[in-house]
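Please keep the sequence and the model in view while reading.

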Amino acid sequence: AIRTSDLAWGNDSLKKELEERVKIEGDLRDSEKRYRCLWEDMNDAAFLADAETGRITDANRSAEMLLMRTREEIIGMHQSALHPEGKSMEYRRIFREYKDIPRGNIDDMEVVRKDGRVVPVTISSAPVTIAGRQFLIGLFRDMTERKRLEEELRRTAMTDRLTGAFNRLKFDEIMAIELNRARRYKRPLTLSIFDIDDFKRINDTFGHAVGDIVLVELTKIVK
């Protein structure tokens, strides 16, 4: 016969096991909530793709904004479909390489929005294991504004701010190239220099603002 003490011990053991299981499940739910909050609140567009199939299994709000697509549209897409169509095979190759590299990678790439616009991005990627399955997580940062600023800096570094004509630095660079070309092919090189007659009188009579307009218009004519 089973003694009352044995039954009581068994009940206590079962109760503790159930309590422990409930606690573990609660911790898992809390962990899932924290992960989901972190995932959703990222400023970078985040994508999770199956390492074997290349299919996207999850994406955050920033990913929706970057691609101008809903999450339902994004999930199930092949990762190569995020990029310009003509480079699909290249991005498939990159994905295969990255899923086998244990460390993270950062690269400058491009994605295509739903409206067809190509957006420059920096992608940070790393392989992860979730429930025994291999995935690749990618964080995409929109570089449009940075690229615009870089181009603006590059342009202002070699042009005159008022007229947009090349400055002395760029002029010297072009002259060196053309001189070398003339020497290499043994061809003459012509350089035209002209002056603006009475330009000082324009400034003195009408003011520097009008003088600036004259310089801008003259530059347009010469171009």
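## The largest pocket

Which helices each supply at least two residues of the lining of the largest pocket? In this predicted model, they are α6 (168-185) and α8 (208-222). The volume of the largest pocket is about 810 Å³. Its lining is made up of 21 residues, and those closest to the centre are A165, F166, F171, F194 and V222.

Sorted by class, this lining contains 13 nonpolar, 5 polar and 3 charged residues.

## Helix α6 and its surroundings

After α6 comes K186, whose phi is positive, near 55°.

The loop between α5 (144-158) and α6 contains T163. Is T163 buried or exposed? The relative accessibility of T163 is 18%, and because buried means under 20%, T163 counts as buried. The side chain of T163 also reaches the backbone nitrogen of A165, at 3.2 Å. A165 is itself among the residues closest to the centre of the largest pocket.

## The largest nonpolar core

In soluble globular proteins, nonpolar side chains tend to be buried together. The largest nonpolar core of this model has 22 residues, and the members that touch the most others are F47, L66, V121 and F140. Two or more residues come from each of β1 (45-50), β2 (56-59), α2 (61-67), α4 (88-98), β3 (105-112), β4 (118-130) and β5 (133-142). The element that gives the most to this core is α4, with 4 residues.

## The enclosed cavity

Rolling a probe the size of a water molecule over the atoms shows where empty space is left. How many cavities of 30 Å³ or more does a search of the whole structure find? The search finds 1, and the largest cavity holds about 200 Å³ of space.

Its lining has 18 residues, with Q79, F95, I123, L136 and F140 nearest the centre. F140 is also one of the residues that touch the most other members of the largest nonpolar core. At least two lining residues are supplied by each of β1, α4, β4 and β5. By class, the lining of this cavity has 14 nonpolar residues, 4 polar residues and no charged residues.

Definitions and conventions
Residues are numbered from 1 along each chain as its sequence is written. This is a predicted model: local features need pLDDT of at least 70, side-chain atom pairs count only at pLDDT 80 or more; totals for chains, interfaces and linings use all residues. Side-chain values use heavy atoms; hydrogens and water are left out. On a 1 Å grid over the protein atoms alone, a cavity is a set of points where a 1.4 Å probe fits but cannot get out, and a pocket is an open set with protein on both sides within 12 Å along at least five of seven lines; lining residues have an atom within 4 Å of a point. Grid points are joined across faces, edges and corners, and a volume is the space filled by probe spheres set on the points. Ala, Val, Leu, Ile, Met, Phe, Trp, Tyr, Cys and Pro count as nonpolar, Asp, Glu, Lys and Arg as charged, and the others, Gly among them, as polar. A nonpolar core is a set of buried Ala, Val, Leu, Ile, Met, Phe, Trp, Tyr and Cys residues joined through side-chain atoms within 4.5 Å. Buried means under 20% relative accessible area, exposed over 50%, partly exposed in between (1.4 Å probe, protein chains only). A polar contact is a pair of N or O atoms within 3.5 Å; within protein, one must be able to donate a hydrogen and the other to accept it, and residues adjacent in sequence count only if both atoms are side-chain atoms.
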